[in-house]
Amino acid sequence: MAEAPLAARMRPRTFEEFVGQTHVVGPGTALTKLVDGGNLPSVILWGPAGTGKTTLAHLLAGRVGADLIQLSAVSSGVADARKVMEGAKGGLFRTVLFVDEVHRWSKAQQDVLLPAVEAGTVTLIGATTENPYFSLNTPLLSRCLLLRLEPLGSDDLIALMRSALDDPERGLGTIDVKVSDEALEHLAEIAGGDARMALMGLEASVLAAQGAGEAEVTRDRAAEAVQRRAVVYDRQGDAHYDVISAFIKSIRGSDPDAALFWLARMLEAGEDARFIARRMIVHASEDIGLADPRALLIASAAAHAVEHVGLPEARLNLAEAAIYLARAPKSNSVYTALARAMEDAASADAVPEHLRDSSYPGAKRLGHGKGYQYPHDFPGHRVEQEYRPVRFQGTRYYEPSGEGEETEPAGS
């Protein structure tokens, strides 16, 4: 046991030791109620590495008194799955088949599981880091409860590391080396929500300090031990907002190098890639808009890549989007037009009668739709008529900036 990595030694043995994912296995959740009653449905656990998918599979099987057989889709195939399912038919105990990285099986291999899952011969628990809506068969996914696991927060990771430091049996409790709060915070930051990475970094830091005869792991020692510089960045504090502000302002200022600098700072510090992608989507409409309508598509594609591919590969997609947005022509006409329109739209003015819905019986007797001119009945499929309440007619909200593709006059 002592030769096993710290992350393996500290694997939770009970739900009480399990940290995080309270939205899935916390008190009162649907899954908790099911397993407390002895019922465990087939489940797909979807989440990043180090979020507890394997541990949770073992704990769930143990809670309902089932035998768990684990396969890795990397090294196992259909023949292995068939053996488990055949053995389950004559077994005395309920069988849980845990398939790690189930997305690596082809759609044909996944089909083999369907009859046994549907008949209840085995209870399937599949673990995947890939979006199951893309990587798993729809029939298999429809027969399973999909549970999304989130990256662990810094507080959860620090709590795990403190438990490992205090545990003399499985952890590092017998080593006379203290770890500073700053070092723990750095290890939690670079772990990016991955408990395994946090514990690996902790073990490396403590052993490195012990070997150097040091009584404490400092922030610098932790950074050196895991070969990651200590980035000054607080995901919950001012740095979180200051750096994303600098990132967006660099894009708005059409400086791709500065945008890449701040993007790299956030990625290095373990910022949530989805947060970065969301901000770029907003920026694409707020500061670029119709000067380059493709900017919104590029930003949305980067967000999709983050969900579908994940880090670290999706860093390239984020960088490509950041460079594109920084180089794109800029216009805030969409932002200002909406702001002006929202001021007037707060009024209670009635919809003009010719624009009202006339599709239901009796609407025409009320005058709905009277006088409406159908644009397709006119040359060019356009006709001049008013589309707003009287007191707002003639007010212009949208003014093209003249930048990029936004050169045509309003209403053209």
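Strands here are DSSP E runs of at least two residues, helices H or I runs of at least four, numbered from the N terminus. This is a predicted model, where local features need pLDDT of at least 70, side-chain atom pairs count only at pLDDT 80 or more, and totals for chains, interfaces and linings use all residues. Residues are numbered from 1 along each chain as its sequence is written, and side-chain values use heavy atoms, leaving out hydrogens and water.

Strand 3 runs parallel to strand 2, joined by 6 bridges, and Ser72 stands opposite Asp100. On to strand 4: it also runs parallel to strand 3, with 5 bridges, and Val96 stands opposite Thr123 there. (Pairing takes at least two DSSP bridges between two strands.)

Now helix 4, residues 53–63: 8 of its 11 residues are buried, so it is largely enclosed by the rest of the structure. Its buried residues, among them Leu56, Leu59 and Leu60, pack against several elements, including strand 1, strand 2, strand 3 and strand 4 (contact means heavy atoms within 4.5 Å). After helix 4 comes Gly65, with a positive phi near 70°.

Elsewhere, Arg148 lies over the face of Trp46, 4.2 Å from the ring centre (the cut-offs: NZ of Lys or CZ of Arg within 6 Å of the ring centre and within 35 degrees of the ring normal).

Note on methods. Buried < 20%, exposed > 50% of the residue type's maximum accessible area, 1.4 Å probe, protein only.
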